[in-house]
Amino acid sequence: MIPPIASNFVAGETASEALDHVEELNARGVKGILNLLGEHYEDRADADADADAYVDLAAGLARRDLDGCLSVKPSQIGLEVSDRAFEENLARIVDAADCFVWVDMEDHDTVDVTLDAFERHARETDGEVGVCVQANLKRTGETLERLADCPGKVRLVKGAYDPPAEIAYKEKSKVDEMYREYLTDMFEKFDDGIAVGSHDPAMIELAQELHDEHGTPFEIQMLTGVRESAQFELADEYEVYQYIPYGSKWFSYFYRRIRERKANALFALRAVVGS
């Protein structure tokens with residue numbers, strides 16, 4: 001059972017609980033992006049099992065007529081087993097899902113294989129697949145040029161991984177600067193499919209200004225348990241998605257959320273002291 005403090009960041013251990021969470025969000029105007037927790041599988045059977053779970057999860061969204069989609073990690077569905085395992089499981093999920101499918105971006109050494117898979121499926125499905133790109137990587141400008149004419153969506157995040165300094169920006173101020181630059185380029189050059197993956201009010205405000213200037217459609221994506229009141233307020237005017245992790249592997253995810261931001265740590269401490 002997930003303790004109350006962790007349940008602020010994780011929707012539950014079962015698919016049923018995750019789908020219930022999407023239903024609650026939908027009632028308040030927010031859409032859901034479901035992610036079954038798990039990554040870095042080296043056994044094909046584990047990767048296949050989670051791919052099966054995603055196929056079932058998509059069926060659950062359709063059966064309950066919920067406004068949501070999926071987000072999968074390459075290392076979760078076979079990338080560390082083999083490129084073929086990843087490609088076969090991603091194709092199986094995309095083919096079976098009657099909903100949008102996001103492909104998360106992981107470590108820097110998986111960027112090329114992830115982009116290749118995204119482009120192939122985005123073109124084959126006429127844009128029903130999305131990919132995440134990280135503003136802290138120095139190559140991201142070239143990546144966005146490559147993806148500008150590709151159907152599908154691109155989620156811009158600041159980057160939660162820790163790549164080597166020779167290929168990544170390390171200072172927060174520089175990452176913020178590049179995020180603003182990349183976001184501006186996207187609104188100027190993309191016809192559609194921009195996802196602003198950020199809780200930073202300054203970046204969301206910039207996206208609103210760029211939308212007013214260029215008219216490019218966009219959506220806002222935030223995590224479960226972070227600035228949720230802002231999510232509901234923004235949903236009155238913009239398309240807002242909440243990234244919803246769930247599953248039995250909740251502890252490592254919760255631990256990362258607490259370590260990432262001082263505000264999360266203080267939130268957790270207050271909850272423990274007050275319980």
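Which residue lies over the face of phenylalanine 232? Arginine 28 does, at 3.7 Å from the ring centre. The structure is a predicted model, in which local features need pLDDT of at least 70 and side-chain atom pairs count only at pLDDT 80 or more, while totals for chains, interfaces and linings use all residues. Residues are numbered from 1 along each chain as its sequence is written, and side-chain values use heavy atoms, with hydrogens and water left out.

**Overall architecture**

- The protein chain contains 10 helices and eight strands; these are DSSP runs numbered from the N terminus, with helices being H or I of at least four residues and strands being E of at least two.
- Of the 275 residues in the protein chain, 53% are buried; buried denotes under 20% relative accessible area, exposed over 50%, and partly exposed in between, with a 1.4 Å probe and protein chains only.
- Among contacts (heavy atoms within 4.5 Å) between residues at least 6 apart in sequence, 70% join residues at least 24 apart.

**Cavity**

- Rolling a probe the size of a water molecule over the atoms shows where empty space is left.
- On a 1 Å grid over the protein atoms alone, a cavity is a set of points where a 1.4 Å probe fits but cannot get out, whereas a pocket is an open set with protein on both sides within 12 Å along at least five of seven lines; lining residues have an atom within 4 Å of a point.
- Grid points are joined across faces, edges and corners, and the volume is the space filled by probe spheres set on the points.
- The count comes to one cavity of 30 Å³ or more, and the largest cavity holds about 50 Å³ of space.
- Its lining consists of Met105, Val111, Leu115, Cys132, Val133, Gln134, Leu137, Arg139, Thr140 and Thr143.
- Two or more lining residues come from each of helix 4 (111–124), strand 4 (129–134) and helix 5 (140–147); strand 4 gives the most, with three residues.
- The lining of the largest cavity divides into six nonpolar, three polar and one charged, where Ala, Val, Leu, Ile, Met, Phe, Trp, Tyr, Cys and Pro count as nonpolar, Asp, Glu, Lys and Arg as charged, and the others, Gly among them, as polar.

**Second largest pocket**

- Nine nonpolar, two polar and five charged residues make up the lining of the second largest pocket.

**Aromatic rings**

- The whole structure has three aromatic pairs; rings of Phe, Tyr and Trp (its six-membered ring) pair if their centres lie within 6.5 Å, and planes under 30 degrees apart count as stacked, over 60 as edge-to-face and the rest as tilted.
- The pair of phenylalanine 218 and tyrosine 238 is tilted because the planes stand at 50 degrees, with the ring centres 5.4 Å apart.
- This pair links distant parts of the chain, 20 residues apart: phenylalanine 218 is in strand 7, and tyrosine 238 is in the loop between helix 8 (228–234) and strand 8 (239–246).
- Phenylalanine 218 and tyrosine 238 are both buried.
- Phe187, Phe218 and Tyr238 are linked by ring pairs into a cluster.
- The charged end of arginine 155 sits over the ring of tryptophan 102, 4.6 Å from its centre; such a placement requires NZ of Lys or CZ of Arg within 6 Å of the ring centre and within 35 degrees of the ring normal.

**Loop residues**

- Glutamate 80 lies in the loop between strand 2 (68–72) and helix 3 (83–96) and is partly exposed, at 38% relative accessibility.
- Neighbours within four places in sequence aside, glutamate 80 is in contact with His40, Tyr41, Glu42 and Ser75.
- Histidine 40 occupies the loop between strand 1 (31–36) and helix 2 (44–63), and its phi is near 60 degrees, a positive value in a residue other than glycine.
- Arginine 227, in the loop between strand 7 and helix 8, also has a positive phi, of about 50 degrees.
- Threonine 110, in the loop between strand 3 (101–103) and helix 4, is buried, with a relative accessible area of 13%.
- Not counting residues up to four places away in sequence, threonine 110 touches Leu79 and Met105.
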